[in-house]
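My notes are below, in the order I took them.

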Amino acid sequence: MKFLKNHFAGIGMFLLEILVGVLLLINPVGFTSGIIMGAGLVLLLVGIVCIIKYFRAEPQEAAKSQNLMKGLIALLAGSFCALRSEWFVVTFPVITLIYGVVILITGLGKIQWTVDILRQKKPRWFLCALSALVSTACGLVIIAAPFTTTAVLWMFTGIGLIVDACFDIVALIFTNRKAIPDEPTTEADDETAE
């Protein structure tokens, strides 16, 4: 239970990655359009709230906050997302390229994680190394974009998300187990064990 509390955010992100990967495999265009339209609606709400806050504030305070400008920008961006979501679908290869760069950077971070575990002389370092290898390879393939169609690119991206998240979950679980059984325990550890 303590493990789940300590790593709740990480595990949640990995599960979200798997969900996004599955949805990309099932219906990439519908999923992408839905996400963009949802983001547009959120931006519209943010814009309305900012404009209301601007007119409810004292004139000097309102001038400093610039909520009117922020609200108008959010309304424009939200309207564009909600009404022109197909534009984002057409530019999906560019969005995927950005995703590839993010995955590559994540892979480089996992290399750091692997080296940290090796330097701490923990077992199961190879799980982190596999996770780093998968992330780095997926990022490089997405950036190189050797795909003939956008549908294949979506499929690879979805599979890459699922595989990467699964490796991350396994690596997180197995590298955070107690590595050395003869490690000295304190009285507090003994009490929590009971």
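**Ground rules.** I am working with a predicted model, in which local features need pLDDT of at least 70 and side-chain atom pairs count only at pLDDT 80 or more, while totals for chains, interfaces and linings use all residues. Residues are numbered from 1 along each chain as its sequence is written, and side-chain values use heavy atoms, with hydrogens and water left out.

**Overall fold.** I looked up the secondary structure and found 10 helices and 0 strands. Helices here are DSSP runs of H or I with at least four residues, strands are runs of E with at least two, and both are numbered from the N terminus. Along the sequence the pattern reads α-α-α-α-α-α-α-α-α-α. I then checked burial: of the 194 residues, 30% count as buried. Buried stands for under 20% relative accessible area, exposed for over 50%, and partly exposed for the range in between, with a 1.4 Å probe and protein chains only.

**Helix 3 against helix 5.** I looked at helix 3 (residues 28-56) and helix 5 (residues 67-83), which pack at an angle of about 160 degrees with their axes 7 Å apart. The axes are lines fitted to C-alpha atoms over the stretch in contact, and the angle runs from 0 to 180 degrees between N-to-C directions. The two helices are therefore roughly antiparallel. I note the scale: under 35 degrees is roughly parallel, over 145 roughly antiparallel, 65 to 115 roughly perpendicular, and the rest oblique. Helix 3 and helix 5 cross in the left-handed sense, meaning that the near helix is turned anticlockwise from the far one by less than a right angle. Their contact has 17 nonpolar, 6 polar and 2 charged residues. In this sorting Ala, Val, Leu, Ile, Met, Phe, Trp, Tyr, Cys and Pro are nonpolar, Asp, Glu, Lys and Arg are charged, and the others, Gly among them, are polar.

**Helix 7 against helix 8.** I looked up helix 7 and helix 8 (residues 125-144) next; their axes come within 7 Å and cross at roughly 160 degrees. Helix 7 and helix 8 are therefore roughly antiparallel, and the crossing is left-handed. I read the residues of this contact as 18 nonpolar, 8 polar and 1 charged.

**Salt bridges.** How many salt bridges does the count come to? I get 2, taking a salt bridge as a side-chain nitrogen of Lys or Arg within 4 Å of a carboxyl oxygen of Asp or Glu. One joins the side chains of Lys110 and Asp164 at 2.8 Å, N to O. Lys110 is in helix 7 (residues 92-119) and Asp164 in helix 9 (residues 150-175), 54 residues apart. Lys110 also forms a salt bridge with Asp168, with the closest N and O atoms 2.5 Å apart. Asp168 lies in helix 9 and Lys110 in helix 7, so this pair ties together parts 58 residues apart in sequence.

I record Lys110, Asp164 and Asp168 as linked in a network of salt bridges.
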